[in-house]
Amino acid sequence: MRGDGAPISRLGGGSPSQALSDLVSSASSTLDGAWALFEDLASNGSAWHVGSSRSALNIIAAVFGVWIPRGHDLGIKRFGLLSKGHASMALYTWLAASRMIPIEELKSYLRLGSRLQAHPEAFRVPGIIVSTGSLGQGLSIANGIALASRIDGVPREVAVILGDGELDEGQVWEAVATTSSKRLSNVTAIVDRNMTQHTGRTEEVKAKEPLEDRWRSFGWHVVTVRNTFDEIVAALEEASTVDMPVVVIVRPRS
Amino acid sequence: MVVFESYRRAVSSILTELGDRLDDLVVLDADTGRSTGSLAFGKKFPGRYVNVGISEQDLIGTAAGLALAGLRPVAMGFAMFLMRAFEQIRNTLARDRLNVKVIATHAGLSPHIDGASHQSLEDLALMRSIPGMTVVSPADFNSTRALIRAAVEDHVGPLYMRLGRDNAVHVYDDEEGFRIGGLRIVRDPVDVVVYAVGPMVGMSLEAAKILETRGIKAGVVDVYTVKPIDSDTIVKLSSRSILSVTVEEHNTAGGLGGAVAEVLAEAGAGRLIRMGVHERFGTSSKTYLDLVEAMGLTPRGIASRVESALATARR
């Protein structure tokens, strides 16, 4: 794990509050359930963008299972945006494992008439406040939500989950510059750096490296973690204490 | 005689007034605030003005986020470059029915010096094709003020407003009687009904005066709400006239001409000619009127086209 500022206090290593450790252990067991549902769905003919969802599931669990409920305890309105909307398999299996949608409903995924759309649509499933599917747009929306706090005084924090292939979109970099120019320290970007995009390896399609330097050069605080639930949770905890926009770059475990 | 007013002065004056009344009004611009008129709002309410820089896609996304947080954003820019964000407007603002007002200036032929790259002749067609979008194109200074007020204060949901620059041809002496969804019969039609938008309302009124001296009674309808269009009124007026005409600073395909053609064809209600810019781009011109004349859209140009089309229709 590498960070720009103070080292991340690893879970269990510091003295996390009771509420946080409860949230983490509960989310962790929900995540086990989500993985089982995920593999079921993948093997039952509903596999769709499986790789993108597989690398996103730990991130979704950390954001929706710990970071957002933790905000509730702290009196901060927190929002999670799935800018890489095609990771819907991960989102829906997480929601089903959390009992936010019925497990049975996963069978309707991608079927005509289902609310489990290929790309999540706003307010049709819990936790999704804006429709996504077209890449590159989530960070701009996150910035808008974050800016609102400066105007109406309501504390809000936004975490936005981006794919690494998604970073090819120019709008991402328009927004990356907006976040830092406007000093929106209540925005956290999470890049699912799974090294893969639609037609192959990211570095062969369009290079993303040196990824940390790119974000840093735009004025962001960069935290790199491996793709484990615990490391992502810890990075998000750190992000909320840093007084500048933070990007968590989630690299493959090995 | 046409009298020019400024759309952007209308923008500045009404937005600053609304800012006094509405604490949740936020104005965004893509670094064109000096030109669109939004900067006046920014100077008066710096805390509620957001310049995102020259990035229209980011502009729309940021406005979407502000609306999601419950504020009342107005996103401004040049019409041509806001069309870079067509997909963001479609996929986020319209699909999620977010309460964002997109106000575009410099539409049509109004940036006459800038030339083809800046002269947006397709935006009505693009915006009109999006499900649930409201599309408004005011004629002059007073109606721009009235319709911005209505859009910001009363209308909830995504809305696109098309404005020019300093080419608002004076039509109305006050701000009464405009509503989102409405149109306005400015001169009663008899032989001919001319449907016009934007500065072409004033141009068409002058054309109607010319036609009157030639014994032709032409009425003028300001179709300031291009979508949802008031099809009942249009069918009624066109059924009573010999000839229907649309006049717009826009491609003849897909804009007002397209909208009226769809209504009349489905109702089987009469004969239509569409005036505007036909299957071409704009071009630089030192003066606005020279460019409008080259496109055949001055009062004289409109009058002679109507006269010959009416002769054909009567044959």
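Which residue of β13(B) does Val194(B) stand opposite? To find out, let's start with the ground rules. This is a predicted model, where local features need pLDDT of at least 70 and side-chain atom pairs pLDDT 80 or more, while totals for chains, interfaces and linings use all residues. Residues are numbered from 1 along each chain as written, chains are lettered from A in the order written, and side-chain values use heavy atoms, leaving out hydrogens and water.

Now look at chain B, where an open sheet with mixed pairing runs in the order β9-β11-β10-β13-β14. Strands here are DSSP runs of E with at least two residues, helices are runs of H or I with at least four, and two strands pair if DSSP finds at least two bridges between them. β9 and β14 of chain B each have a single partner strand, so one side of each lacks a neighbour in the sheet. Strands β10 and β13 of chain B run parallel, joined by five bridges, and here's the answer: Val194(B) sits opposite Val245(B).

Helix α9 of chain B (residues 199–213) lies across β9, β10, β11 and β13 of chain B. Contact here means heavy atoms within 4.5 Å.

Next, follow chain B over to chain A. The contact takes 23 residues from chain A and 24 residues from chain B. There is one salt bridge between the two chains (a side-chain nitrogen of Lys or Arg within 4 Å of a carboxyl oxygen of Asp or Glu). Glu121(A) forms a salt bridge with Arg95(B), their closest N and O atoms being 3.5 Å apart.

Definitions and conventions:
Axes are lines fitted to C-alpha atoms, for helices over the stretch in contact, and angles run from 0 to 180 degrees between N-to-C directions.
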